Amino acid sequence: MAVVGWVLLALLGLIVLALFVPIRIQIEHTQSWKVNVRLFGAISVWSFPSEKKPKAEPEQAQTEPPPKATDDKREKKPSLLDELKAMFKEEGVSGVAAFFKKLVELLTTTLRSLARFITIRKLSLCIRAGKEEADQTALLYSQLCTATAAGLAVLSQAVRVKKPCVRVYPDFLSEKTDVRLRTVIWIWPFGVVAVGLKALVKFLLLLPKAKTSQLKQTASE
(Lines give C-alpha, C1' and ligand atoms only; values in the text may rest on other atoms or scores of the structure.)
Protein backbone atom coordinates (compact mmCIF):
# COMPACT_ATOMS: atom_id res chain seq x y z
CA MET A 1 0.00 0.00 0.00
CA ALA A 2 2.87 2.37 0.74
CA VAL A 3 4.24 1.89 -2.78
CA VAL A 4 0.86 2.70 -4.30
CA GLY A 5 0.65 5.84 -2.19
CA TRP A 6 4.07 7.01 -3.32
CA VAL A 7 3.17 6.32 -6.95
CA LEU A 8 -0.06 8.32 -6.66
CA LEU A 9 1.81 11.13 -4.92
CA ALA A 10 4.41 11.18 -7.72
CA LEU A 11 1.68 11.29 -10.38
CA LEU A 12 -0.01 14.15 -8.56
CA GLY A 13 3.31 15.99 -8.39
CA LEU A 14 3.84 15.53 -12.12
CA ILE A 15 0.35 16.88 -12.87
CA VAL A 16 0.94 19.93 -10.67
CA LEU A 17 4.37 20.47 -12.26
CA ALA A 18 2.85 20.22 -15.76
CA LEU A 19 0.48 23.07 -14.92
CA PHE A 20 3.47 25.36 -14.41
CA VAL A 21 5.13 24.42 -17.70
CA PRO A 22 4.62 27.11 -20.37
CA ILE A 23 3.10 25.95 -23.65
CA ARG A 24 4.28 27.38 -26.96
CA ILE A 25 1.87 27.23 -29.89
CA GLN A 26 3.15 28.09 -33.36
CA ILE A 27 0.62 28.61 -36.15
CA GLU A 28 1.62 29.05 -39.80
CA HIS A 29 -0.35 29.44 -42.99
CA THR A 30 1.14 29.66 -46.45
CA GLN A 31 -0.45 27.14 -48.77
CA SER A 32 -1.93 25.16 -45.87
CA TRP A 33 -2.28 25.35 -42.10
CA LYS A 34 0.46 24.10 -39.78
CA VAL A 35 0.19 23.97 -35.99
CA ASN A 36 2.86 22.88 -33.52
CA VAL A 37 2.54 22.68 -29.73
CA ARG A 38 5.69 22.51 -27.59
CA LEU A 39 6.41 22.35 -23.86
CA PHE A 40 9.06 24.81 -22.66
CA GLY A 41 9.18 25.90 -26.29
CA ALA A 42 11.36 22.88 -27.15
CA ILE A 43 9.54 19.56 -26.53
CA SER A 44 7.04 18.87 -29.30
CA VAL A 45 3.85 17.25 -28.01
CA TRP A 46 1.40 17.75 -30.88
CA SER A 47 1.50 18.93 -34.47
CA PHE A 48 -0.86 19.35 -37.38
CA PRO A 49 -0.54 17.82 -39.87
CA SER A 50 0.71 14.91 -37.83
CA GLU A 51 4.35 13.94 -38.34
CA LYS A 52 3.61 10.28 -37.54
CA LYS A 53 2.76 7.94 -40.38
CA PRO A 54 -0.74 6.50 -40.22
CA LYS A 55 -0.89 2.86 -39.18
CA ALA A 56 -1.96 0.33 -41.78
CA GLU A 57 -5.52 -0.82 -41.26
CA PRO A 58 -5.98 -4.54 -40.56
CA GLU A 59 -7.41 -6.65 -43.36
CA GLN A 60 -10.30 -7.90 -41.30
CA ALA A 61 -11.82 -5.30 -39.07
CA GLN A 62 -13.03 -6.59 -35.76
CA THR A 63 -16.77 -6.53 -35.45
CA GLU A 64 -17.92 -4.31 -32.65
CA PRO A 65 -20.34 -5.81 -30.16
CA PRO A 66 -23.90 -4.56 -30.48
CA PRO A 67 -24.65 -1.63 -28.20
CA LYS A 68 -26.32 -2.53 -24.99
CA ALA A 69 -29.93 -1.57 -24.66
CA THR A 70 -30.27 1.43 -22.44
CA ASP A 71 -32.79 1.41 -19.66
CA ASP A 72 -35.44 3.99 -20.51
CA LYS A 73 -36.72 3.89 -16.97
CA ARG A 74 -33.64 5.63 -15.63
CA GLU A 75 -34.27 9.04 -14.17
CA LYS A 76 -33.23 11.72 -16.64
CA LYS A 77 -31.33 14.69 -15.27
CA PRO A 78 -32.88 18.08 -16.12
CA SER A 79 -31.06 19.89 -18.89
CA LEU A 80 -30.25 23.59 -18.98
CA LEU A 81 -33.32 24.16 -21.16
CA ASP A 82 -35.53 22.45 -18.58
CA GLU A 83 -34.02 24.59 -15.84
CA LEU A 84 -34.63 27.77 -17.83
CA LYS A 85 -38.24 26.72 -18.41
CA ALA A 86 -38.67 26.16 -14.68
CA MET A 87 -37.12 29.57 -13.99
CA PHE A 88 -39.49 31.19 -16.49
CA LYS A 89 -42.49 29.64 -14.73
CA GLU A 90 -41.29 30.76 -11.29
CA GLU A 91 -39.72 34.18 -11.99
CA GLY A 92 -41.00 35.15 -15.43
CA VAL A 93 -39.14 37.04 -18.17
CA SER A 94 -37.27 39.26 -15.68
CA GLY A 95 -35.68 36.24 -14.00
CA VAL A 96 -34.46 34.75 -17.30
CA ALA A 97 -33.15 38.15 -18.45
CA ALA A 98 -31.27 38.61 -15.16
CA PHE A 99 -29.73 35.14 -15.55
CA PHE A 100 -28.42 35.89 -19.05
CA LYS A 101 -27.12 39.28 -17.91
CA LYS A 102 -25.09 37.63 -15.17
CA LEU A 103 -23.92 34.99 -17.63
CA VAL A 104 -22.61 37.64 -20.04
CA GLU A 105 -20.82 39.38 -17.17
CA LEU A 106 -19.24 36.07 -16.16
CA LEU A 107 -18.01 35.42 -19.71
CA THR A 108 -16.57 38.94 -19.96
CA THR A 109 -14.65 38.72 -16.68
CA THR A 110 -13.43 35.20 -17.52
CA LEU A 111 -12.04 36.28 -20.89
CA ARG A 112 -10.29 39.25 -19.29
CA SER A 113 -8.73 36.98 -16.66
CA LEU A 114 -7.60 34.46 -19.28
CA ALA A 115 -5.88 37.21 -21.27
CA ARG A 116 -3.36 37.70 -18.45
CA PHE A 117 -1.98 34.21 -19.03
CA ILE A 118 -1.81 34.37 -22.84
CA THR A 119 0.88 36.25 -24.77
CA ILE A 120 1.33 36.56 -28.51
CA ARG A 121 5.09 36.93 -28.80
CA LYS A 122 5.18 37.11 -32.57
CA LEU A 123 2.56 38.02 -35.14
CA SER A 124 3.47 38.24 -38.80
CA LEU A 125 0.69 38.69 -41.33
CA CYS A 126 1.20 39.51 -45.00
CA ILE A 127 -1.75 39.88 -47.38
CA ARG A 128 -1.51 40.50 -51.11
CA ALA A 129 -4.90 41.66 -52.34
CA GLY A 130 -5.74 40.69 -55.89
CA LYS A 131 -8.89 40.71 -58.03
CA GLU A 132 -9.78 40.39 -61.68
CA GLU A 133 -10.22 44.15 -62.19
CA ALA A 134 -7.98 46.96 -60.96
CA ASP A 135 -10.83 48.86 -59.29
CA GLN A 136 -11.88 45.70 -57.44
CA THR A 137 -8.30 45.20 -56.26
CA ALA A 138 -8.12 48.78 -54.98
CA LEU A 139 -11.43 48.41 -53.14
CA LEU A 140 -10.38 45.10 -51.60
CA TYR A 141 -7.04 46.61 -50.55
CA SER A 142 -8.81 49.47 -48.78
CA GLN A 143 -11.21 47.09 -47.00
CA LEU A 144 -8.37 44.81 -45.87
CA CYS A 145 -6.34 47.75 -44.52
CA THR A 146 -9.30 48.90 -42.44
CA ALA A 147 -10.13 45.40 -41.21
CA THR A 148 -6.55 44.46 -40.24
CA ALA A 149 -5.96 47.76 -38.44
CA ALA A 150 -9.18 47.40 -36.44
CA GLY A 151 -8.52 43.73 -35.74
CA LEU A 152 -4.98 44.37 -34.50
CA ALA A 153 -6.23 47.16 -32.21
CA VAL A 154 -8.89 44.91 -30.67
CA LEU A 155 -6.44 42.02 -30.29
CA SER A 156 -3.85 44.26 -28.62
CA GLN A 157 -6.44 45.40 -26.09
CA ALA A 158 -7.52 41.82 -25.34
CA VAL A 159 -4.10 40.14 -24.95
CA ARG A 160 -0.45 41.14 -24.92
CA VAL A 161 0.95 41.24 -28.45
CA LYS A 162 4.72 41.57 -28.97
CA LYS A 163 6.40 42.32 -32.30
CA PRO A 164 3.28 42.62 -34.46
CA CYS A 165 3.95 42.97 -38.18
CA VAL A 166 0.84 43.30 -40.36
CA ARG A 167 1.24 44.32 -43.99
CA VAL A 168 -1.27 44.59 -46.82
CA TYR A 169 -0.21 45.07 -50.45
CA PRO A 170 -2.29 45.56 -53.60
CA ASP A 171 -1.36 43.08 -56.33
CA PHE A 172 -2.79 44.27 -59.65
CA LEU A 173 -1.13 41.41 -61.54
CA SER A 174 -2.87 38.63 -59.62
CA GLU A 175 -6.50 37.58 -59.72
CA LYS A 176 -6.56 36.09 -56.22
CA THR A 177 -5.61 37.12 -52.70
CA ASP A 178 -2.61 35.51 -51.04
CA VAL A 179 -2.41 35.32 -47.22
CA ARG A 180 0.69 34.35 -45.23
CA LEU A 181 0.51 34.09 -41.45
CA ARG A 182 2.98 33.14 -38.74
CA THR A 183 2.27 33.60 -35.05
CA VAL A 184 3.73 32.27 -31.78
CA ILE A 185 1.48 32.09 -28.71
CA TRP A 186 2.63 31.34 -25.16
CA ILE A 187 0.11 30.01 -22.61
CA TRP A 188 0.54 29.42 -18.87
CA PRO A 189 -1.70 26.41 -18.04
CA PHE A 190 -1.90 26.97 -14.27
CA GLY A 191 -3.56 30.35 -14.78
CA VAL A 192 -5.93 29.04 -17.46
CA VAL A 193 -6.98 26.10 -15.26
CA ALA A 194 -7.47 28.34 -12.21
CA VAL A 195 -9.60 30.81 -14.16
CA GLY A 196 -11.58 27.96 -15.73
CA LEU A 197 -12.34 26.32 -12.37
CA LYS A 198 -13.36 29.65 -10.87
CA ALA A 199 -15.67 30.36 -13.83
CA LEU A 200 -17.16 26.85 -13.58
CA VAL A 201 -18.01 27.31 -9.90
CA LYS A 202 -19.63 30.70 -10.58
CA PHE A 203 -21.58 29.23 -13.52
CA LEU A 204 -22.91 26.37 -11.37
CA LEU A 205 -24.02 28.91 -8.77
CA LEU A 206 -25.85 30.83 -11.50
CA LEU A 207 -27.77 27.82 -12.75
CA PRO A 208 -31.46 27.87 -11.87
CA LYS A 209 -32.49 25.15 -9.44
CA ALA A 210 -35.01 23.38 -11.63
CA LYS A 211 -34.37 20.09 -9.90
CA THR A 212 -35.50 21.58 -6.56
CA SER A 213 -38.72 22.85 -8.09
CA GLN A 214 -39.38 19.43 -9.62
CA LEU A 215 -38.90 17.77 -6.24
CA LYS A 216 -41.42 20.20 -4.71
CA GLN A 217 -43.93 19.35 -7.43
CA THR A 218 -43.54 15.60 -6.91
CA ALA A 219 -43.86 16.03 -3.15
CA SER A 220 -47.09 17.99 -3.56
CA GLU A 221 -48.48 15.33 -5.86
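How many salt bridges does the count come to by the rule used here? The count comes to two salt bridges, each a side-chain nitrogen of Lys or Arg within 4 Å of a carboxyl oxygen of Asp or Glu. This is a predicted model, in which local features need pLDDT of at least 70, side-chain atom pairs count only at pLDDT 80 or more, and totals for chains, interfaces and linings use all residues. Residues are numbered from 1 along each chain as its sequence is written, and side-chain values use heavy atoms, with hydrogens and water left out.

**Salt bridges**

Side chains of opposite charge can pair when their charged atoms come close. The pairs are tabulated here.

| Salt bridge | Closest N to O |
|---|---|
| Arg182 and Glu28 | 3.1 Å |

Arg182 and Glu28 link distant parts of the chain, 154 residues apart. Arg182 is in strand S7 (residues 178-187) and Glu28 is in strand S1 (residues 23-29). Strands (E, at least two residues) and helices (H or I, at least four) are DSSP runs, numbered from the N terminus.

Arg182 is partly exposed at 27%. Glu28 is partly exposed at 24%. Asp178 is partly exposed at 25%, and Arg180 is partly exposed at 40%.

**Aromatic rings**

Rings of Phe, Tyr and Trp (its six-membered ring) pair if their centres lie within 6.5 Å; planes under 30 degrees apart count as stacked, over 60 as edge-to-face and the rest as tilted. The count comes to two aromatic pairs. Phe117 and Phe190 are edge-to-face, at 5.7 Å centre to centre and 75 degrees between the planes. Phe117 lies in the loop between helix H2 (80-115) and strand S4 (118-129), and Phe190 lies in helix H4, 73 residues apart. Phe117 is buried at 17%, whereas Phe190 is partly exposed at 31%. Trp188 and Phe190 are edge-to-face too, with centres 6.5 Å apart and planes at 70 degrees. Ring pairs link Phe117, Trp188 and Phe190 into a cluster.

**Helix H4**

Pro189, Gly191, Val195 and Ala199 of H4 are buried. They cover an arc of only 155 degrees around the axis (from directions to the C-beta atoms), so they are on the same side of H4. On the other side of H4, Leu197 and Leu205 are exposed.

Technical notes: Buried means under 20% relative accessible area, exposed over 50%, partly exposed in between (1.4 Å probe, protein chains only).
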